[in-house]
Amino acid sequence: SVRVKQIEAGSKKKLVSPRTIDDDGSFKMVASKDWTSGFFPGELWYMYEYTKDDYWKSKAQEFTANIEDQKTNGGTHDMGFKMYCSFGNGYRLTQNTAYKNILLESATTLITRYKPTIGCIRSWDHSRDKWQCPVIIDNMMNLELLYWAFKETGDSVYYDIATNHARTTIKNHFRDDYSSYHVIDYDTINGEVLHKHTHQGYNHESAWGRGQAWGLYGYTMCYRETKLSEFLTQAENIADYIFTNPTLPDDMVTYWDFNAPNIPNEPRDASAAACTASALYELDGYLPGNHYKETADKIMESLGSPVYRAKVGTNGNFILMHSVGSIPHGQEIDVPLNYADYYFLEGLMRKRDLEKK
């Protein structure tokens with residue numbers, strides 16, 4: 001039996017998805033409102049896709065149903081992470097009309113957070129004493145739900161909001177070397193940039209490892225959905241930043257921040273590496289001859305080695321070890337994380353499909 005600990009002490013909300021393990025080895029579960037609640041259902045759908053075994057389909061349906069209530073949660077920008085990774089994969093594999101309707105409602109809920117004056121979807125509602133309208137690089141990952149809704153409905157509002165958000169993010173989130181800030185704070189009245197911060201990285205001017213992965217994945221996806229060359233160029237430039245960086249380790253599993261002060265004695269982030277590899281497999285299809293697949297293969301080989309891939313029955317039964325949530329906040333340092341496993345499995349599926357071609 002595995003001991004279970006609620007991720008928020010005293011929380012009485014139903015806990016629906018495993019997120020990580022605690023220092024004492026206890027299993028940390030989260031409620032449906034947590035931004036990571038959709039990753040484990042998504043992993044189960046990938047298992048079903050790979051095996052065609054109805055056991056995994058049944059478990060995927062069970063854990064996916066547990067987060068349906070999030071379709072009307074207008075207090076979060078993380079609809080893509082939660083609903084598209086779970087219901088999106090479920091709909092792709094089953095064509096269940098109920099899943100489609102839930103996804104469309106989720107997309108409609110997400111666009112209520114769009115700020116036309118800024119040209120972005122607002123990310124966080126917390127820390128109002130610090131930011132007026134914070135937009136984080138992670139939000140690029142949630143645009144896929146909106147592009148899907150556009151294709152399903154033909155309503156250009158979804159396409160326009162997603163594309164405007166991506167363009168505004170290019171304009172304000174990136175430095176001259178194509179590294180990314182984490183948080184851009186906008187004035188809610190005139191849309192001007194107030195602050196450029198890096199909330200989960202080493203400092204405001206550093207390149208937070210997972211943030212660079214979110215950007216690479218996000219713009220690769222945006223090119224797929226729009227075929228706009230500006231998004232492909234952005235993805236290529238982000239990849240160049242990552243893979244020409246002097247602090248990139250030989251095994252290509254990035255440090256938690258490219259500018260962390262004690263490299264090489266800094267924690268790695270397997271979640272950033274897994275997301276990066278998954279993105280590269282897709283990017284390789286758009287820019288053949290750039291060795292993106294070879295690079296992704298090397299990352300996946302590293303993640304699949306005993307250094308990062310846990311032995312069965314250890315690590316809380318998560319696949320990957322050595323991920324990082326937020327070092328500045330002292331949270332989830334050198335632990336397994338469900339989104340590391342999700343993008344690792346997705347990367348394996350994309351590798352398989354690419355090699356079949």
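Author: A disulfide is a pair of cysteine sulfur atoms within 2.5 Å. This is a predicted model, where local features need pLDDT of at least 70, side-chain atom pairs count only at pLDDT 80 or more, and totals for chains, interfaces and linings use all residues. Residues are numbered from 1 along each chain as its sequence is written, and side-chain values use heavy atoms, with hydrogens and water left out.

Reader: How many disulfides does a search of the whole structure find?

Author: Take cysteine 222. Its closest cysteine sulfur, in cysteine 120, is 11 Å away, too far for a bond. For cysteine 275 the closest is the sulfur of cysteine 85, at 9.8 Å, again too far for a bond. The search of the whole structure gives a count of 0.

Reader: Is cysteine 275 buried or exposed?

Author: Buried means under 20% relative accessible area, exposed over 50%, and partly exposed in between (1.4 Å probe, protein chains only). Cysteine 275 has a relative accessible area of 0%, so cysteine 275 is buried.

Reader: How are α1 and α3 oriented to each other?

Author: Helices are DSSP runs (H or I, at least four residues), numbered from the N terminus. Axes are lines fitted to C-alpha atoms over the stretch in contact, with angles from 0 to 180 degrees between N-to-C directions. The axes of α1 (residues 39–51) and α3 (residues 79–94) come within 7 Å and cross at roughly 20°. Angles under 35 degrees count as roughly parallel, so α1 and α3 are roughly parallel.

Reader: Which residues of α1 make the contact with α3?

Author: Contact means heavy atoms within 4.5 Å. On the α3 side, the residues include Phe81, Cys85 and Leu93. On the α1 side, they are Phe39, Pro41, Gly42, Trp45, Tyr46, Tyr48 and Glu49.

Terms used: Helices (H or I, at least four residues) and strands (E, at least two) are DSSP runs, numbered from the N terminus. Angles under 35 degrees count as roughly parallel, over 145 as roughly antiparallel, 65 to 115 as roughly perpendicular and the rest as oblique.
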